[in-house]
Amino acid sequence: MVYKRKSFQTLRGMKDILPKDWLYYDYILSNTKKIFAFYGFQRIETPILEKAELFTKGIGKKTDIVNKEMYILRTKENKELLALRPEGTASVVRAYIEKGMFNLPQPVKFYYFGPFFRHEKPQAGRFRQFYQLGAEIIGEGSPATDVEMIIVSQVFLESLGFKQKNICLSLNSIGCSECRPVYIKELKKYYRKYIKQICDNCRRRIKENPLRVLDCKNEKCLFIKNGAPISLDYLCSECNSHFKDILELLDYLDVSYILDKTLVRGLDYYTRTVFEFFLGNEIKRIALAGGGRYDKLVKSLGGTYKPAVGVAFGVERLMDELVKKGKTLVLPKPKIFLVQIGDAAKKQSFKLLEQFRKENIFLGENLGKESLRAQLTAANNLEVDYVLILGQEEVLNGMIILKDMDSGLQELIPLEKIINEVKKRFKKQKSKSK
Ligand code: AMP
């Protein structure tokens, strides 16, 4: 009988984050910390597992994210339904209520960075496990807060190296619980006239989650969508003046934007402002971030009324675009390598390596290897400038060999002087390269 060797692979839509990828995640995280902290946001991280009900209640039962894409698991006792978090806002709001943060001076400003899970159809830039970084301002309803969120998002994108002129901001207002039902009624009435022409998805959405018909990219639905009533025409006077104030402030601040009358977003909790940052154009649009106001969410999850606004960026999308722009990050490489031969030298090397590390000098080594040749090959592969060689004889005499890999010259240096000698050479190298 022949046994087939089993090999395991990552699940579809999920990926290993390799050391070379972490460079980009770390770069994005360090900019997140720098910019958001500077704008008064504090870091919060919530668990990856939450009660599924948090999301069904928060995001909406009929949304694609909850209805089709949420990873749900049952606990062993079969008593509880848990979900891998598909987004960050509902969890942050849960923490805000649970930890009584409504007692703090308002608004409270958070940012987060971590993995999220959606069982979507994997494609370019769309994964089943992906990272998002997000920010929330909870406890303030003023249009100034929406603008603040837009500004900090833009500054963050610029900090990563995206040029303001290339980033598009699209904006819309989808009204509140007073005016939105009137709009939805009109939208349904309009789509009913075309019920036979629209795609199956739109037919389902118009029943279950009507606003999302405006998200349809199907060509046969486009002309229908273009003639559909728009939410801006149905805003109540409060929503209208809220949105007007935002636009006026953005104009005053010279922030360019596109009024996207069909922008709706895929989560039910949004009220009033919705926005998206994207690259490209209307036809080939790469969404980097999405956000908006969610004035009713705190109350619907068990708190008191606290208006709020948030944004979430797709980290892999940012990474892809950074790489496309030519941003290269490389793993740090040592400029010097320590070769050891024999037992006494190996022991001494452990000590010496730590002395170098205390002086913040990054050394290459391969203490597991015995042969000189294997170690020199490793040093060559790293393309180091210098190699230190410590053998039996050197240990006995308290010396070490310093080899310049460029010239091939070797010098014998007293062990207690070697760190200073290496520092001197690096300094010389640095001043030469200036
Ligand atoms: P959302 O939470 O749906 O508002 O998405 C916010 C941002 O997260 C989007 O603009 C994308 O950049 C990113 N994003 C959403 N879903 C995915 C996914 N499945 N894979 C990768 N990035 C995603």
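Arginine 212 counts as buried because its relative accessibility is 12%, where buried means under 20% relative accessible area, exposed over 50% and partly exposed in between, with a 1.4 Å probe and protein chains only. The model is predicted, with pLDDT of at least 70 required for local features and 80 or more for side-chain atom pairs, whereas totals for chains, interfaces and linings use all residues. Residues are numbered from 1 along each chain as its sequence is written, and side-chain values use heavy atoms, without hydrogens and water.

Arginine 212 is located in the loop between α7 (200–208) and α8 (219–226); helices (H or I, at least four residues) and strands (E, at least two) are DSSP runs numbered from the N terminus. Beyond neighbours within four places in sequence, arginine 212 is in contact (heavy atoms within 4.5 Å) with Arg205, Val264, Arg265 and Gly266.

Arg265 is also one of the residues that come nearest to the ligand, together with Arg118, Glu120, Phe127 and Ala287, out of 14 around it. A residue is near a molecule if one of its heavy atoms lies within 4 Å of it. By class, this shell comprises six nonpolar, three polar and five charged residues. At least two shell residues come from each of β6 (129–138), β10 (285–293) and β11 (308–314), and β10 gives the most, with three.

The side chain of arginine 118 places an N or O atom 2.8 Å from a ligand oxygen atom. For glutamate 120, a side-chain N or O atom is 2.7 Å from a ligand nitrogen atom. At leucine 288, a backbone N or O atom lies 3.3 Å from an oxygen atom of the ligand.

Notes: Polar contact = N/O pair within 3.5 Å; in protein donor to acceptor, adjacent residues only side chain to side chain. Nonpolar A, V, L, I, M, F, W, Y, C, P; charged D, E, K, R; others polar.
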